[in-house]
Amino acid sequence: MRRISTLPVVAVGLIAFVALVVPWLGLPDPVQIDVPHRLSGPSWDHWLGRDEVGRDILSRLLWGARSSLTVALFSAVIACLVGTTLGVLGGFLGGLVDLATIRLADIVLCFPPLLLALLVVTLLGPGASTLIPVIALVYMPGFVRVAYAGVLGVRHLEYVEAQRALGVGSARIMLRTVLPNISGPVMVQFSLAMASAVVLESGLSFLGLGVVPPAPSWGLMIGAARSTMAQTPLPLLWPCIALTITVLSMNALCDAVRSAVDPHGAVPRRLRWLLPPLPSGLSLAAKGASLAVRDLEVAIDAKDAEVRPVRGVSWEVAPGETLAIVGESGSGKSLSGLAVLGLLPLVARPAAGAALFEGRDLLRLDEPALRHLRGADIAMVFQDPMSSLNPVHRIGTQITEAILVHRSVSRRRAWQEAVELLAKVGIPDAARRARSFPHELSGGMRQRAMIAMAIANRPKLLIADEPTTALDVTIQAQVLELLAGLKAEEGMGVVFITHALPVVAEIADRVMVMYAGEVVEQGPVAEIFARPLHPYTAALLRSAPPEDGSLPQAIPGTVPLPQHLPPGCAFAPRCAHRQAACEATHPALEDVGPDRVTRCLRWRDMSATAQTQQVTA
Amino acid sequence: MTPLIEAVKLSKQFGGGGVFGFGARPVRALNEVTLSIARGEAVGLVGESGSGKSTMGRVMLGLTPASSGSVRLDGVDIASLRGKETRRLRQRMQLVFQDPYSSLDPRRRISAQIADGLLAHGLARPADIADRVAALLAQVGLPPAHAQRYPHEFSGGQRQRIGIARALAVDPEFLVADEPVSALDVSVQAQVLTLLADLRARLGLAMLFISHDLPVVRSLCDRVVVLYLGRVMEEGPAAEVFRHPRHPYTRALLSAAPNIDPGRRRRRILLRGDPPSPANPPSGCVFRTRCAWAVEACATAVPALAEAVRGHRVACLRVEDAALLGDPDINGPV
């Protein structure tokens with residue numbers, strides 16, 4: 001939970017405090033009638049003047065706050081306790097309990113709240129003690145529904161199921177696990193109910209169905225002042241102002257609570273970043289490559305300091321070539337790919353380097369120019385097609401739009417092309433499938449549709465971020481086959497970001513291994529997999545389950561966070577080959593052969609070991 | 001070996017009935033699945049999404065009631081257990097989840113979550129709880145000093161270890177591990193696999209290891225069961241099934257898994273399309289719509305699971321022919 005903003009808390013706190021200490025403020029008696037001085041204006045003794053029977057308005061206002069808030073608080077608390085209990089029971093136990101609690105709440109919800117309140121008050125007679133249960137009854141269904149919806153969301157989560165599997169009793173699960181996890185929305189509902197209870201109390205008192213005269217209440221004050229409005233409007237104004245301020249501060253508090261418990265709350269606004277200009281000597285031509293990334297750095301501005309999850313990364317892809325970027329989570333592999341297209345998450349920004357594409361530097365292009373490139377010359381495919389396809393549009397329409405944004409063809413022609421593309425990526429019965437919505441397709445089909453959209457404008461480069469990770473092996477095999485075919489046919493360069501080494505072995509020509517934000521090894525796939533020169537690459541290869549059914553060899557430890565990098569080689573703490581020098585100096589990327597680089601002080605020893613191993617094998 | 005736990009002709013269907021599900025077809029998640037696991041044995045349950053493998057795990061634990069058939073623990077039908085006996089059942093069988101993020105309550109300290117099982121079954125006196133939790137953390141390779149931390153302070157692999165510690169707290173005999181490593185990075189995956197293998201050897205745990213990743217299953221399991229649309233296609237000793245897969249589906253599945261070593265790459269049998277919907281499975285053999293060897297007879301008869309070699313059972317009408325039809329040369333180079 002984030003911190004709640006302080007202003008609304010202070011405002012509501014102040015109002016509540018005043019209401020609490022009214023008896024000790026030494027105010028005149030709020031029911032003391034003084035008819036001769038009725039309706040006298042503000043004076044030193046009576047700051048806000050006197051009302052129609054000469055009672056002190058300030059005193060009545062503050063005592064009124066006391067009764068308003070008391071009624072609102074007690075009714076909201078009762079509504080919250082009863083409603084949440086019923087909602088949790090109904091949601092968690094289901095069946096008949098569900099029917100009894102939720103339908104009961106629904107029936108109460110069917111009545112207009114004011115009408116319901118009127119009905120009950122008429123039956124039971126007015127008075128603060130009747131008001132509390134009446135208002136509680138009016139707001140209870142809201143709590144039932146909120147708690148019920150929350151429980152339904154939490155009930156099937158794995159940690160709740162884990163408790164059931166452990167044999168933990170239902171009551172304990174509800175109290176210890178379910179309740180804390182739905183407390184956010186219930187708190188929001190509570191502050192909402194408090195604010196509207198204040199209004200409802202005033203409304204009922206105004207109608208003479210709430211607080212009984214002569215006891216002070218804002219609703220009564222408004223009602224009484226109404227009749228003398230023509231003579232002096234001030235007595236009417238004071239309770240209205242008090243009511244408005246109270247409800248406004250409570251609503252503000254409600255908003256503050258909501259944004260504090262909502263994990264998807266405020267997103268930092270993207271600021272326009274300024275990259276240092278390119279070094280003057282650098283040519284913008286990417287020799288022979290369709291995209292060349294040079295010394296890319298990505299920065300994230302954390303609370304206390306700036307961290308760099310990607311540092312000094314250079315890579316290029318030639319037309320018709322597949323480059324795989326491999327690494328574990330936290331290695332910076334996705335950030336390296338997304339930075340090129342200006343698609344970094346909002347907290348991250350490119351901090352240095354260049355991405356050269358057809359004589360332009362993508363990192364220094366403005367958003368409209370990038371948008372023009374994305375989906376046309378450079379396309380992307382993501383891991384989860386469901387989050388990149390629009391759920392409310394047919395997939396044919398979405399591909400058509402993608403074509404129309406970048407090319408001036410008729411809509412009919414674009415639709416035709418969309419159907420052809422769907423057929424090309426292996427979707428059977430493409431003409432009919434083009435009319436489907438994303439949710440009507442299976443995961444594999446959706447990924448094919450994404451690929452169809454990506455290649456709609458014959459891109460020169462395709463960046464695929466874990467495109468097969470969410471798919472079954474049989475479907476993954478189909479998609480890999482499809483990508484390989486498209487690459488050969490269209491001659492596009494492919495950047496394939498993944499953590500699965502076997503997939504790399506299948507699909508890539510060259511591979512770049514990343515660790516803790518840096519490139520540790522780069523070169524042709526066949527060579528690197530046969531003869532890894534960096535201990536991390538070697539360890540990664542050994543950690544894949546081997547063919548013979550023996551257990552894979554784990555790499556001890558975890559990837560260091562970018563804010564806690566070791567001073568020397570980032571892999572040294574987990575490396576079986578480390579020496580004192582590895583922990584002292586940060587190794588540079590060295591050329592170790594044609595088209596091969598590695599970042600290890602001991603690569604010569606590694607190379608020797610690899611050769612002896614090959615000889616013995 | 002007498003089985004510790006066995007499922008006999010287990011079927012499970014979802015939906016279909018009720019007033020509001022009017023006209024909806026029931027989804028048959030499991031169809032007469034028979035499976036037994038001996039003490040200390042690890043059985044791999046393999047299949048694509050929608051094959052019913054996760055449902056199988058839940059039904060065997062008694063977390064989801066079966067539609068028909070029975071689950072017997074030490075010969076006792078778990079559906080017949082009442083009250084106290086059900087609680088005792090919970091203690092004997094445990095579950096490890098796939099997603100290390102959603103399987104831990106973000107709002108409670110991990111010590112409290114690991115202690116849940118101990119408290120529910122009165123397995124430790126309140127004074128000893130802290131020691132037990134520390135011992136459990138040590139057992140899964142986590143520093144006991146981290147017991148008072150919250151889940152978000154751990155990495156995915158560490159969270160998976162915590163999930164395992166929580167399951168081990170009640171000292172179970174049988175563990176269902178539902179894709180426990182598929183959400184993890186490959187280097188961490190190896191760590192967790194090694195831990196599971198080690199725990200199994202040390203504690204003599206019987207294990208149902210649910211996974212779609214065949215090499216992972218092979219490295220951990222004694223036996224493997226291949227599930228497709230809720231039916232068992234093939235079952236046998238892991239080494240045997242992986243070396244000589246007999247069912248066309250198993251062959252396709254094995255050939256689809258990418259291989260890190262180009263020299264060992266298999267000739268790929270590319271399955272066409274997606275698995276059919278479990279709400280509307282094909283007649284006869286459920287795999288026939290995607291099978292390269294399917295003949296007319298496959299559409300009419302449901303093939304029985306028959307023993308091909310000792311302990312190796314296959315449900316395919318053409319299991320003999322398929323061998324003759326020119327072996328797809330599953331282990332040969334491309």
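Predicted model: local features only at pLDDT ≥ 70, side-chain atom pairs only at ≥ 80, totals over all residues.
The assignment for chain A, with bounds from an automatic or database domain assignment, lists domain 1 (47-261), domain 2 (312-507) and domain 3 (510-616). A word on conventions: residues are numbered from 1 along each chain as its sequence is written, while chains are lettered from A and ligands numbered from 1 in the order in which they are written. Local features need pLDDT of at least 70 and side-chain atom pairs count only at pLDDT 80 or more, whereas totals for chains, interfaces and linings use all residues.

Helices (H or I, at least four residues) and strands (E, at least two) are DSSP runs numbered from the N terminus, and two strands pair if DSSP finds at least two bridges between them. Let's start with the open sheet of four strands, which has the order β2-β1-β4-β5 in chain A and antiparallel pairing. Its edges are β2 (306-317) and β5 (360-361), each with a single partner strand, so one side of each has no neighbour in the sheet.

The other open sheet has eight strands in the order β6-β7-β8-β3-β9-β10-β12-β11 of chain A, with mixed pairing. Here β6 (378-381) and β11 of chain A stand at the edges, and because each has a single partner strand, one side of each is left without a neighbour in the sheet. On average, neighbouring strands of this sheet are turned by 20° against each other, direction ignored; such angles run from 0 to 180 degrees between N-to-C directions, with axes fitted to C-alpha atoms, for helices over the stretch in contact.

| Strand pair (chain A) | Bridges | One facing residue pair |
|---|---|---|
| β1 (291-301) and β4 (348-357) | seven | Val293(A) and Ala355(A) |
| β11 (590-593) and β12 (596-598) | three | Gly593(A) and Arg596(A) |

In the second pair, Glu590(A) also has Thr598(A) in β12(A) as its bridge partner. β11(A) and β12(A) make a hairpin with two residues between them, and Asp595(A) in the turn has a positive phi of about 60°.

Helix α10 (333-340) of chain A lies across β1, β2 and β4 of chain A, at about 110° to β1(A). α16(A) lies across β6 and β7 (461-465) of chain A, running at about 170° to β6(A).

**Where chain A meets chain B**

Counting two residues as in contact if their C-beta atoms, placed from the backbone, lie within 7 Å, 52 residues of chain A touch 55 residues of chain B. Several helices of chain A each supply at least two residues to this side, among them α7 (170-206) and α17 (473-490). α6(A) gives the most, with eight residues. By class, the side of chain A has 27 nonpolar (Ala, Val, Leu, Ile, Met, Phe, Trp, Tyr, Cys and Pro), 17 polar (the others, Gly among them) and eight charged (Asp, Glu, Lys and Arg) residues.

**Chain B as a whole**

Chain B has 11 helices and 12 strands, and its C-alpha trace spans about 70 × 55 × 40 Å along its principal axes.
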